[in-house]
Amino acid sequence: MPSTPEMDRKFGSLSPAVWRASTVVFDSLDEFVQRKQRQPDGFSYGITGTPTARLLEARIAQLEGGRHCVLAPSGAAALMTTVMGFVRGGDHLLVSAACYGSLKTFAEHWLARLGVEVELYDPCIGAGIEALIRPATRLVCIEAPGTVTMEMADVPAIAEVARRRGVLTMMDNTWASPLGFRPLEHGIDFSVEAATKFFAGHSDVLMGSISMNDAGHYAVLRETQSILGQQVSPDDCFLVLRGLETLQLRVQAQSAATQAITQWLAGQPLVERLLYPPLASDPGHARWKRDFRTHGCLFSMILAPAPEQAFHAFFDSLQHFAIGASWGGVHSLAAYYPAALQAGRAFSATDRPVVRLSIGLEDAQSLKDDLQAALAAFQAARN
Ligand SMILES: *Cc1c(COP(=O)(O)O)cnc(C)c1O
């Protein structure tokens with residue numbers, strides 16, 4: 001009976017193998033004693049990764065135009081692992097006020113108590129970030145467009161300032177995916193993706209990735225990932241690998257439908273404002289057009305002033321859009337962010353309630369009809 005690696009070589013499947021392991025076995029005592037020297041790429045225990053995880057890391061690094069990638073069990077874990085790898089007590093951390101919520105909470109409620117000085121900055125600051133950089137500044141966290149409110153950061157300008165001042169940069173690139181924007185090619189040190197979204201694409205798995213070029217940074221993050229116990233299931237890696245096979249087709253189709261739906265929504269009288277940089281009327285449009293190559297599938301809207309019950313009527317009316325968090329999958333989703341949340345945010349883009357939509361692969365006309373009926377229900381409940 002051949003061992004499994006031999007079987008794997010002889011059995012030519014088009015699908016990647018799912019390698020499960022906590023224990024990895026060694027040929028000799030010497031190899032076991034020196035197992036730590038196998039890092040950052042090799043295998044020594046399940047916590048440092050499996051061949052299935054390495055395959056996914058290699059595919060993602062290639063998509064990002066980067067040399068290295070480290071997986072994490074969720075997009076949130078990828079953000080926190082990067083910060084934990086490089087930020088220490090006494091450091092100053094700059095976080096865009098439009099960054100993903102749990103990154104801001106982690107920074108303000110955990111890191112601040114561990115002696116890190118956390119400062120939120122205006123997402124649209126651009127090269128003006130230079131005025132905020134201090135000798136102790138270690139890392140700048142960027143997201144573009146911003147979570148929920150879609151402010152468009154000037155990524156190359158921030159990267160240029162940070163590089164010149166010896167400060168690291170991490171960008172959450174989930175909205176565009178590397179098909180729309182490649183942060184590493186614009187001078188960013190760490191490109192983070194919530195692979196949960198476009199990469200996996202079917203709303204059934206959590207995964208995150210951190211891509212980079214620098215080998216030293218890679219060694220630090222591999223160690224951080226394994227010290228914090230952040231390994232990923234090989235079955236989940238398989239699902240993301242499968243998702244990547246259709247990534248380009250899904251992004252193209254969802255982008256096209258999103259363009260059509262937002263253009264139609266922009267002409268609806270009950271839609272007061274769309275937060276969506278690909279629209280010419282958006283304040284971030286010029287930056288989006290200069291840097292990004294896809295239209296995404298996620299946007300937000302501010303509806304005409306109305307009591308809370310009108311928003312209930314809007315959401316209750318939806319037939320094709322499911323109500324739920326997350327986005328980027330084949331099923332369209334609708335989410336709601338109350339006014340108090342927006343008004344309470346630093347450098348807030350609005351003090352109004354926000355409706356966020358993720359466009360999936362359903363028929364675009366059916367989605368438009370669904371939104372038309374929801375807007376009619378909204379209007380009826382306003383009166
Ligand atoms: C969803 C999301 C995350 C977090 O990803 P999870 O896998 O759900 O933890 C991070 N950043 C952005 C921009 C996201 O949309």
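Contact here means heavy atoms within 4.5 Å, while axes are lines fitted to C-alpha atoms, for helices over the stretch in contact, with angles running from 0 to 180 degrees between N-to-C directions. This is a predicted model, in which local features need pLDDT of at least 70 and side-chain atom pairs count only at pLDDT 80 or more, whereas totals for chains, interfaces and linings use all residues. Residues are numbered from 1 along each chain as its sequence is written, and side-chain values use heavy atoms, with hydrogens and water left out.

**Sheets and helices**

Helices (H or I, at least four residues) and strands (E, at least two) are DSSP runs numbered from the N terminus, and two strands pair if DSSP finds at least two bridges between them.

An open sheet of 7 strands with mixed pairing has the order E1-E7-E6-E5-E4-E2-E3; its edge strands, E1 and E3, each pair on one side only, and the twist averages 20° from one strand to the next. Within this sheet E6 pairs with strand E7 (residues 208–212) in the antiparallel sense over 4 bridges, and Glu193 stands opposite Ser209 in E7.

An open sheet of 5 strands, also of mixed pairing, has the order E8-E9-E12-E11-E10, and its edge strands are E8 (271–275) and E10 (322–323), each pairing on one side only. Strands E9 (residues 298–303) and E12 (residues 354–358) run antiparallel and are joined by 4 bridges, with Leu298 opposite Ser358 in E12.

| Helix | Strands it lies across | Angle |
|---|---|---|
| H3 (residues 51–64) | E1, E6 and E7 | about 125° to E1 |
| H12 (residues 308–317) | E9, E10, E11 (333–337) and E12 | about 170° to E11 |

**The largest pocket**

On a 1 Å grid over the protein atoms alone, a pocket is an open set of points where a 1.4 Å probe fits, with protein on both sides within 12 Å along at least five of seven lines, and lining residues have an atom within 4 Å of a point. Grid points are joined across faces, edges and corners, and a volume is the space filled by probe spheres set on the points.

The largest pocket holds about 720 Å³ of space, and of its 42 lining residues the closest to the centre are Cys99, Tyr100, Gly101, Thr147 and Val148. Helix H4 (75–86), helix H5 (101–111), strand E6 (190–194) and helix H13 (339–343) each supply at least two lining residues, and H5 gives the most, with 4 residues. At least three lining residues come from each of domain 1 (29–244) and domain 2 (247–382), the bounds being taken from an automatic or database domain assignment.
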